[in-house]
Amino acid sequence: RDLHKEYRRQRQMCIRDRNMSEEEKNNFENDKTDHETDSSTENDIQTELENDFAKNLFPLIHEYKQKLSTCEDKLQRALADYQNLEKRNQTEIQQRVLQKTNQLMLNFIGIYEDFVRAKTALTNDEVNSEGLDAIIKNMEMLLSENNIKPIDAIGETFDPRLHEAVSTVEDDSLDEGTITKEVAKGYISFQEAIRPSKVIVSKKK
């Protein structure tokens with residue numbers, strides 16, 4: 001009888017354990033299904049958020065592209081302005097340097113002409129002027145190196161950019177405005193007169 005009772009007790013426990021296992025199994029499957037459902041819902045939400053973000057991102061990218069294009073245009077204009085300013089400054093500097101150089105050369109020309117007049121006076125007095133000849137030659141080389149050249153005058157047509165008329169002379173044999181005499185020699189620097197020639201010009205009667 002005791003054995004029979006123990007057998008029944010053990011059998012009930014097995015049944016109970018089996019039932020609990022089935023229940024746990026069902027709970028596990030339900031939890032798994034719920035988890036998969038939750039995961040699917042989360043994925044759907046994530047996808048929707050990503051789509052919304054992309055929709056908002058495209059207009060933002062377009063806006064920044066326009067801003068970038070505007071900045072590039074302003075930068076190119078600023079660079080062009082700077083280059084123009086740099087060129088203008090360089091031109092102004094070159095002009096100032098040329099003006100200073102021309103002023104210096106004008107003073108030098110005055111000294112050069114004094115040496116030429118001294119040589120002429122010595123030659124007229126039949127005095128040896130070989131020492132002056134070498135000096136004058138070196139001075140003429142210096143003028144040439146600085147692109148200083150004498151202006152052609154006699155026989156040329158009067159040009160107010162190069163010549164200064166100090167007097168006129170009537171002469172029907174010459175064209176109107178022909179230079180007949182040079183009173184003082186003029187000089188040019190890079191095709192610009194730094195000292196015009198003083199001349200006498202012909203005119204018709």
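**Entry 1: overall layout**

Which pattern does the chain follow when read along the sequence? I read it as α-α-β-β-β-β-β-β. The model is predicted: local features need pLDDT of at least 70, side-chain atom pairs count only at pLDDT 80 or more, and totals for chains, interfaces and linings use all residues. Residues are numbered from 1 along each chain as its sequence is written, and side-chain values use heavy atoms, with hydrogens and water left out.

I counted the secondary structure as two helices and six strands. Helices (H or I, at least four residues) and strands (E, at least two) are DSSP runs, numbered from the N terminus. I then looked up burial for the chain and found that buried residues make up 14% of its 205 residues. Buried means under 20% relative accessible area, exposed over 50%, and partly exposed in between (1.4 Å probe, protein chains only).

I also checked the contacts, a contact being heavy atoms within 4.5 Å. Of the contacts in the chain with a separation of 6 or more, 64% are between residues 24 or more positions apart.

**Entry 2: helix 2**

I compared the length of helix 2 with expectation. The expected span is 1.5 Å times one less than the number of residues. The 16 residues of helix 2 should therefore span 22 Å, and the end C-alpha atoms are 23 Å apart, which agrees.

Which residues of helix 2 are buried? I found Leu132, Ile136, Met139 and Leu143. Seen down the helix axis, these buried residues fall within an arc of 60 degrees, so they line one face of helix 2. The arc is that of the directions from the helix axis to the C-beta atoms. An α-helix has 3.6 residues a turn, so residues three or four places apart point the same way. On the face of helix 2 turned away from the buried side, I noted the exposed residues Glu130, Gly131, Lys137, Ser144 and Glu145.

**Entry 3: Asn147**

I looked at what follows helix 2 and found Asn147, located in the loop between helix 2 and strand 1 (148-150). Asn147 has a positive phi of about 60 degrees although it is not a glycine. Most residues other than glycine have a negative phi. With a relative accessible area of 23%, Asn147 is partly exposed.

Leaving aside neighbours within four places in sequence, Ile194 is in contact with Asn102, Leu106, Ile109, Ile148, Tyr187, Ile188 and Ser189. I also checked Gln103, which lies in helix 1 and counts as partly exposed at 45% relative accessibility. Gln103 and Ile194 are 91 residues apart in sequence and 8.1 Å apart in space, C-alpha to C-alpha.

**Entry 4: the sheet 1-4-5**

I traced an open sheet of three strands in the order 1-4-5, with antiparallel pairing. Two strands pair if DSSP finds at least two bridges between them. Strand 1 and strand 5 (192-195) stand at the edges with a single partner strand each, so one side of each has no neighbour in the sheet. Neighbouring strands here are turned by 40 degrees against each other on average, direction ignored. Axes are lines fitted to C-alpha atoms, for helices over the stretch in contact, and angles run from 0 to 180 degrees between N-to-C directions.

Three bridges join strand 1 to strand 4 (residues 187-189) in the antiparallel sense, and Lys149 stands opposite Ile188 in strand 4.

**Entry 5: the sheet 2-6-3**

I traced another open sheet of three strands, in the order 2-6-3 with mixed pairing. Strand 2 (163-170) and strand 3 (179-184) are its edge strands, each pairing on one side only. The twist averages 25 degrees from one strand to the next.

How many bridges join strand 3 to strand 6? I found four, with strand 3 and strand 6 (residues 197-203) running antiparallel. Strand 2 and strand 6 pair in the parallel sense over seven bridges. In strand 6, Ile200 is the bridge partner of Lys181 and of Ser167, while Val199 is the partner of Glu182. Strand 6 is mostly covered, with five of its seven residues buried.
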